[in-house]
Amino acid sequence: MNLHLLTSLLVTLTNAAFETQQHWIDNGRADIRRAWASVPNYNLAQNVILMVGDGMGVSTVTAARIYKGQKLGKYGEDYKLAFEDFPHLALSKTYNLDRQVPDSAGTAVAMVTGVKVNMGTLGLTGEVPYQKNCSQVREDRKLKSVLDYALEEGKSVGIVTTTRVTHATPAAAYAHVPHRDWESDADMAGIPGCEQVKDIAYQLIMDNPNINVILGGGRQAFINNSSSGGKRQDGRDLRENWKRHRASSGLRYAYVETKADFDQINPDTADYLLGLFELSHMTYELERNASKEPSLTEMVDKAIRILKKNPKGFFLLIEGGRIDHAHHDNLGKKALEETVEFDNAVRKVTELTSADDTLTVVTADHSHVFTIAGYPRRGHNILGIVDDMPENEMPVDKMPLLTLGYTNGPASKRVNYTEVDTTDNNFKQPGCVQMPWETHGGEDVAIYAQGPMAHLLHGVHEQSYIGHVLMHSACLGEYKNDCDLDKREKMKSGFCGTSRPVSSIIVILGVLFKVVLDMELL
Ligand SMILES: *[C@@H]1O[C@H](CO)[C@@H](O)[C@H](O)[C@H]1NC(C)=O
Ligand SMILES: *[C@@H]1O[C@H](CO)[C@@H](O)[C@H](O)[C@H]1NC(C)=O
Ligand SMILES: *[C@@H]1O[C@H](CO)[C@@H](O)[C@H](O)[C@H]1NC(C)=O
Ligand SMILES: *[C@@H]1O[C@H](CO)[C@@H](O)[C@H](O)[C@H]1NC(C)=O
Ligand SMILES: *[C@@H]1O[C@H](CO)[C@@H](O)[C@H](O)[C@H]1NC(C)=O
Ligand SMILES: [Zn+2]
């Protein structure tokens, strides 16, 4: 049976079940109560978690919400992702120092260091241009990240991603290179003047020996090019360097590259964990072999259990990194499935931590040119073609319109989708302009936050402000001695805020005064 017909039939059958007037009244009242109950949390953040859905623009969040709801047998539009329950929300202006529409390196640096820099660069100030040239790299142009500052305060730190651990977003937390592609020494071989600048994998292992948890893909940049898939030309096996360092310091550690070994790790007895599950990126969630690779949620679970043993707390950077890759290939369903798994990871974070002492910020580095269009009926398959189109609103070529689309990208031109399974895992929504890869989008992305000082995310912010909130909440870096701890204590005890008892007294005095006035007693 025709797939699209089937979906519209199902929708027609369930049309009668739309929400009643009373539902919206109850729903609105519940939201009012929730908003009233939301009080700012002035605690000192013990733990700080930054979760980046790479490329997870607002249209992706909306489509993923509908997609996840529909997978659960609901209409989808009214479904809520885990992070959509966070009490604080803001917008992030994602542009790079030198680009209107940004890339992932510059944006990630903004978020973890609090400073906007040039597209494509990692951990270096805006004086350093994006180029395969080291002449502008200088010690005093290196930026410190919230990961560095957390380590300085004795916190545990970790990085979890579905991309290569040397890819732009994770590398922003620890590396300093003028070109994000320098993941192994082979990627920067033969460039004169770069002898002092090391590749990203080298910097991760040799310059950052204290990172507790590193989980993701990207083994290729760590191993010699004589071993299959390896890229390194310096003869090093950085996995061995990592193990040797820990062994010689008497630390409790484990290196894993299979799901079976990963499952064996007891987070109570391991303080350091390096997991490199693929030579390159980890596989898309839709194609993941669960007996070979852990999911993002499983990695997050293990990471938090390892990190939370530290009484001084932890910083964790989590990236759902392949939402972006799927979009670049116009693979809408894969992008949504990656977003759903990212949301599962957010739920795991909320289960394993408390909003009392843990600031969790969920955001995207940038958007994509991804759209949700037409006027499909309520509950219509988000991966489908727009149903119920009046004849005079049909596309001029008379071929069906897809709900999801891109304004550019590699997918072939529009065709007649009537007999096409648009719900296939590898179906590509077409881009209007043919490009080798679909591009990022330049509009703002959302920031969702809960926990100590999350209310500081409250409007339209520069993306770099996220780094400031992360540091300020936990008194790190820039804010080590300037994080308003006294003021926070006062706000908590209600002396200088509008605490309920104080404001009630003011209201009562006001009412009495008015009564006195009305009675013309004065
Ligand atoms: C690097 O840049 C400097 C200054 O812009 C230039 O003099 C030098 O030739 C460049 N090096 C390479 C290898 O291109
Ligand atoms: C690394 O690979 C090269 C060949 O590409 C080989 O000659 C060399 O012995 C290897 N080094 C180590 C330490 O395995
Ligand atoms: C491997 O590395 C060696 C240097 O150690 C280099 O000469 C050789 O070209 C590399 N091989 C490949 C396949 O990249
Ligand atoms: C999944 O991985 C396991 C372990 O490597 C392998 O035995 C199995 O064949 C794989 N399954 C699929 C469907 O590829
Ligand atoms: C699209 O395909 C359907 C079914 O194959 C067909 O009925 C319809 O006429 C086609 N539309 C166009 C514009 O070719
Ligand atoms: Zn990105």
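**View 1. In this predicted model, three strands make up an open sheet of mixed pairing, ordered S10-S11-S12.** Strand S10 (370-372) and strand S12 (431-434) are the edge strands, each of them pairing on one side only. With direction ignored, neighbouring strands of this sheet are turned against each other by 20 degrees on average. S10 runs antiparallel to strand S11 (residues 404-409), and three bridges join the two. Within this pair, phenylalanine 370 lies opposite tyrosine 406 of S11. Helix H3 packs on this sheet, where H3 touches S10 and S11. The direction of H3 makes about 50 degrees with that of S10.

**View 2. Helix H3 (residues 58-71) packs against helix H12 at an angle of about 80 degrees.** The axes of the two helices are 9 Å apart. An angle of 65 to 115 degrees counts as roughly perpendicular, and H3 is therefore roughly perpendicular to H12. On the H3 side, the contact involves Thr60, Ala63, Ala64, Tyr67, Lys68 and Lys71. These residues meet Lys333, Leu336, Glu337, Thr339, Val340, Asp343 and Asn344 in H12. By class, the contact of H3 with H12 comprises five nonpolar, three polar and five charged residues.

**View 3. Helix H10 (residues 296-307) and helix H12 (residues 332-352) pack with their axes 8 Å apart and at an angle of about 25 degrees.** H10 is therefore roughly parallel to H12. The crossing of H10 past H12 is right-handed. From H10, the residues in contact are Leu296, Thr297, Val300, Asp301, Ile304 and Arg305. From H12, they are Glu341, Phe342, Asn344, Ala345, Lys348, Val349 and Leu352. Seven nonpolar, two polar and four charged residues form the contact of H10 with H12. Asn344 of H12 takes part in this contact and also in the contact of H12 with H3.

View 4. Strand S1 and strand S7 (residues 314-320) are paired in the parallel sense over six bridges. In this pairing, glycine 53 is placed opposite glycine 320 of S7.

**View 5. Strand S8 (residues 358-364) is largely enclosed by the rest of the structure, because seven of its seven residues are buried.** In a regular strand, side chains alternate between the two faces of the sheet. Both faces of S8 are covered. Thr358, Thr360, Val362 and Ala364 are buried on one side, and Leu359, Val361 and Thr363 are buried on the other. S8 pairs with strand S1 (residues 47-53) in the parallel sense over seven bridges. Methionine 51 lies opposite valine 362 of S8. S8 also pairs with strand S14 (residues 445-450), in this case antiparallel and through four bridges. In that pairing, isoleucine 447 of S14 is the bridge partner of threonine 363.

**View 6. Helix H7 (residues 200-207) and helix H8 (residues 238-248) pack at an angle of about 10 degrees.** Their axes are 9 Å apart. Angles under 35 degrees count as roughly parallel, and H7 and H8 are therefore roughly parallel to each other. Ala201, Tyr202, Ile205 and Met206 of H7 meet Leu238, Asn241 and Trp242 of H8. The contact of H7 with H8 holds six nonpolar residues, one polar residue and no charged residues.

**View 7. Serine 280 lies in the loop between strand S6 (272-276) and H10.** The relative accessible area of serine 280 is 24%, which makes the residue partly exposed. Apart from neighbours within four places in sequence, serine 280 is in contact with Arg164, Gly217, Gly218 and Gln220. Threonine 162 is 118 residues from serine 280 in sequence, with a C-alpha to C-alpha distance of 9.8 Å in space.

Technical notes
Residues numbered from 1 in each chain as written. Chains lettered and ligands numbered in written order. Predicted model: local features only at pLDDT ≥ 70, side-chain atom pairs only at ≥ 80, totals over all residues. Heavy atoms only, no water. Axes fitted to C-alpha atoms, helices over the stretch in contact; angles between N-to-C directions. Parallel < 35°, antiparallel > 145°, perpendicular 65-115°, else oblique. Left-handed = near helix turned anticlockwise from the far one by under 90°. Contact = heavy atoms within 4.5 Å. Nonpolar A, V, L, I, M, F, W, Y, C, P; charged D, E, K, R; others polar. Buried < 20%, exposed > 50% of the residue type's maximum accessible area, 1.4 Å probe, protein only. Pairing = 2+ DSSP bridges.
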